[in-house]
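Hi,

Here is the structure I said I would pass on.

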Amino acid sequence: MIRTNRRKLALTSAVLAVAAMTASSLPAQAASDPGLTSTTIKLGITVPLTGIASPGYNKIPGAMKAYFDYVNANGGVNGRKITLVIKDDQYIPTTAVAKANELILKDKVFALVGTLGTASTKAISASTQLAKRGIPSLFVNTGFSGFADKKAYPTTFSILPSYQMEAKIMGKFLKDKYADKKLALIYQDDDFGRDALAGFKQAGITFGTYIPYASGSQSLPATGAGWISKLKASGAEVTVLFGVSSASTAALANAYAAQFKTQWVLGSVGGDATTIAATNKAYVPLLFGAKGFSFAPAPTDATDEYIKLFQSIYATAQPTQTFDNNVVAGMSNAFVAVQALQAAGSSLTRAGLIKAIESKGASFANPFLTPLGYSATSHVGATGYWIGTYDQTGALKPDGGKYTVYTTDSGNGPVVESTYKRPAMPAKGLPN
């Protein structure tokens, strides 16, 4: 009996020793963050595919997916292929929260990417506890300056220049070009417009007439007639419209109907020809002569290496769709996201992704014509704009035939002409 027990004990010890040796020869398998496997990365976006804000913006996720699919077809990112889960939030903050929760809890995405709209992005951050859960919200499509504040939004990264930056640059432009003109401002009365008001104040710009309008208003066409009456009464020679493209449509159409002429200066959000055409294609020529602002190369610029690449990818993925600013925005989102994932390395984690953007993000290859502001203390994306004029097709062309970029910050820093040189595009636009 004793000999038998000893024999069993020896056999058990041998088995355990072999098991230990086998285990030590295998790589350590740490528990991974949600949305990751050894071969895949799952990302998620909420965006208005339907509803008042859907024209134009509904092209962003398709453009992102087209670039991700292109990367996947060429080996992926550090051996992993990207899946993008898309949810329709209708540009309604409560719906955006519900859809973001689906992405996080049901679809179990690794990170959010490209969330659109200030109110929706703020609601998602607060209601889903992104910071507490350590979930990255990459490259949000809103210029609200607050999202660049690392302390308030530690896992959220901006990609657009802030509306405050834009208003400061616009203020310099107004001083330089229209110093002796009567100025008026139409603006969206929410965080979007308040950022603009702060920027204009920092630039030392005072308008003779201020016309706020309610965010999400469904009655902009009728309201626009009242705007024009106020502008005519004030004798406004230059009118800045810092609002969405549906507001621009209402203003331009009613000004045309009333035969009222003013020099229009449109914010970057408000001059989208695709959105205006969705209301009425006949309105697009009304953009002709208006001034506009952008930080990415023009979608009509066939000389730009990123535009050429994006046009080629999109023509293959979406052959019936028009290539426009929304497509450039979506592909740019995806491009910078791929650079970030690549920089985070093969041992990918949410915390590692955030650290990679903070430590390396300022030097990421990207399509933009302005520097990126990412650092250990800043989640600022692009930092400037170039100024152009709309032609009769609704295309924004740089004044003087070349991009002259101005950069600034969301504080009291100066507006300066940039000498920034964009990093060269990686070979074939793939991760490097």
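N78 is partly exposed, with a relative accessible area of 31%. Keep in mind that this is a predicted model. As for where to look, N78 sits in the loop that runs between α3 (60–73) and β2 (81–88).

K428 is another one to click on. Its phi is near 60°, again positive in a residue other than glycine. You'll find K428 in the segment after β16 (416–417). With a relative accessible area of 61%, K428 counts as exposed, because the cut-off for that is over 50%. For background, most residues other than glycine have a negative phi.

Now for the inside. Which residues have the most contacts within the largest nonpolar core? They are L43, F139, L174, F200, F242 and W264, in a core of 112 residues. Helix α13 (residues 325–344) supplies the largest share of this core, with 11 residues.

Setting aside neighbours within four places in sequence, L174 is in contact with A179, L183, F200, I205, F207, V238, V240 and V265. There is also a second, separate core, this one of 12 residues, with A100, L103, V109 and I135 among them. In general, nonpolar side chains tend to be buried together in soluble globular proteins.

Cheers

Conventions: Residues numbered from 1 in each chain as written. Predicted model: local features only at pLDDT ≥ 70, side-chain atom pairs only at ≥ 80, totals over all residues. Heavy atoms only, no water. Helix = DSSP H or I, 4+ residues; strand = E, 2+ residues; numbered from the N terminus. Buried < 20%, exposed > 50% of the residue type's maximum accessible area, 1.4 Å probe, protein only. Core = buried A, V, L, I, M, F, W, Y, C linked by side-chain atoms within 4.5 Å. Contact = heavy atoms within 4.5 Å.
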